[in-house]
Amino acid sequence: MKYLDLTHKADGYIELRPANKDYPVFRIEAGDNFEVWGVVVHLIRTFETL
């Protein structure tokens, strides 16, 4: 899952920030071919005890 970061839009790019810090940030510039395919509106988690 990525978060859409629009704080740099005035500079000509936006960023996709990962929920997990172990993954890279994606920088999308004005000329890039980019589409949002879906939006997470709800998440159900199952927690198991080991």
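**Salt bridges in the predicted model**

Glutamate 15 is buried, with a relative accessibility of 11%; buried denotes under 20% relative accessible area, exposed over 50%, and partly exposed in between (1.4 Å probe, protein chains only). The structure is a predicted model, in which local features need pLDDT of at least 70, side-chain atom pairs count only at pLDDT 80 or more, and totals for chains, interfaces and linings use all residues. Residues are numbered from 1 along each chain as its sequence is written, and side-chain values use heavy atoms, with hydrogens and water left out.

Three salt bridges are present in the structure, a salt bridge being a side-chain nitrogen of Lys or Arg within 4 Å of a carboxyl oxygen of Asp or Glu. Glutamate 15 takes part in one of them with arginine 17, where the closest N and O atoms lie 2.6 Å apart. Arginine 17 is partly exposed, at a relative accessible area of 34%.

Arginine 17 also meets the side chain of aspartate 5 in a salt bridge of 3.0 Å, N to O. This pair links distant parts of the chain, 12 residues apart, with aspartate 5 in strand β1 (residues 2–5) and arginine 17 in strand β2 (residues 13–18). Strands (E, at least two residues), like helices (H or I, at least four), are DSSP runs numbered from the N terminus. Aspartate 5 is buried, with 14% relative accessibility.

A further salt bridge joins glutamate 29 to arginine 27, with 3.4 Å between the closest N and O atoms. Both residues are partly exposed: glutamate 29 has a relative accessibility of 41%, and arginine 27 has 48%. Through salt bridges that share partners, Asp5, Glu15 and Arg17 are joined into one network.
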